[in-house]
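Please have the sequence and structure open while reading.

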Amino acid sequence: MKYNREGGVFMRSRMVRRCLISAAASGMLLLAGCNGGMEMTEGLSVGAEHEVYDISGDYSRLDIQAELADVTVQSGSTASMEVRLEDGYEIEQTVEDDTLYLTEMDRKPFWRRIIHFRSAQNSIVITLPHDVIEDLAVSSDVADISISGQKLHSLSVKQSSADVFLSDCEGEDFQIENANGNIQLKNVAASLRAELQNGDLEILNGSGDSLHISNQNGKAEASGADYTQIDAASANGDINLQKVQTDSITLSNKNGNVSLELAGEQALFDYDITNHNGKVMIGENTVGTFHTEFKFSNDAGKQITADLNNGDLTVTFLGELQE
């Protein structure tokens, strides 16, 4: 990777190149070094806040791996990276084939890492023009991830112990995993798989071919969802889906209530419902209390399938929804 005098970055595929952007002891950012036989022009030594680097180049995939830094990916007119790093942290930039890797590195001694755990105020802000990359992958250990205004083929987000925010994005295949934290999605148009271990999920105005939701401990909520197929499962927590348009929906819950508001009339759906311990209400009718097995066909082509263990199921039909 070669920096020009204005801080621009020129990248070529089929090569592996690395550069380090670090926080020096003086609190200044500088270009620490590159390998691979690259020519250096000037070292960068600038203030630690609001430092912007040109990251334009010939790559179609961006992979961001953070440890303690909050990661923001936003839309803008140019491809750039703004970083804030405390002493002992570095951003390693690697270009391999058609992928740009940005990796936060912790160079402090082990004992300082323990003392400094989660206290660093690091941040990485990536600005990308609309539709400039095809694939985006972001992972973080203990800091928030926020992505907005992106048009992508695929998106992969893996979070360990913080929150994920996604807004105004579209694509083909989006996958989000969070072990300990919340997921909040707004105006996302893509086939979506969201998997949580401990946290809440909120979806507002999502659309696509398919929606897959799974949550071990926490509530799952969606409003204005429009997917051809929906699969929502929870181990411990309520599922609340409002103003949903779908041809097929599968619901499962071990402990918690399920509430579903569906666009269309009741006669448009067939049912295959099992509830081991709870009430089942379809439209204005209570079809079972406690152990219930309910199957009914309207020969309509749309399907509601539910398997609940402990909790109530309520299905409400909204008729034709207004835009």
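## Basis

Asp-63 counts as buried because its relative accessibility is 11%, where buried means under 20% relative accessible area, exposed over 50% and partly exposed in between (1.4 Å probe, protein chains only). The model is predicted, so that local features need pLDDT of at least 70 and side-chain atom pairs count only at pLDDT 80 or more, while totals for chains, interfaces and linings use all residues. Residues are numbered from 1 along each chain as its sequence is written, and side-chain values use heavy atoms, with hydrogens and water left out.

## Salt bridges

Four salt bridges are counted, each being a side-chain nitrogen of Lys or Arg within 4 Å of a carboxyl oxygen of Asp or Glu. In one of them, Asp-63 pairs with Arg-61 at 3.5 Å, N to O; Arg-61 is partly exposed because its relative accessibility is 26%.

Another joins Arg-193 to Glu-195 at 3.3 Å, N to O, and here Arg-193 is partly exposed at 34%, as Glu-195 is at 27%. Lys-219 and Glu-221 also form a salt bridge, with their closest N and O atoms 3.9 Å apart; Lys-219 is partly exposed at 39%, and Glu-221 is partly exposed at 29%.

## Negative patch

Asp-98, Asp-131, Glu-134 and Glu-170 form a negative surface patch, a patch of this kind being made of residues with over 30% relative accessible area and no salt bridge, like charges being joined within 9 Å. Glu-170 belongs to strand E16, residues 164-180 (strands are DSSP runs of E, at least two residues, numbered from the N terminus), and Glu-170 counts as partly exposed because its relative accessibility is 37%.

Conventions: Patch = residues over 30% accessible without salt bridge, like charges linked within 9 Å, V, L, I, M, F, W, Y side chains within 5 Å. Areas by Shrake-Rupley, 256 points an atom, 1.4 Å probe, with all protein chains shown as cover. Lys, Arg positive; Asp, Glu negative; His and termini not counted. Charge placed at Lys NZ, Arg CZ, Asp CG, Glu CD. Helix = DSSP H or I, 4+ residues; strand = E, 2+ residues; numbered from the N terminus.
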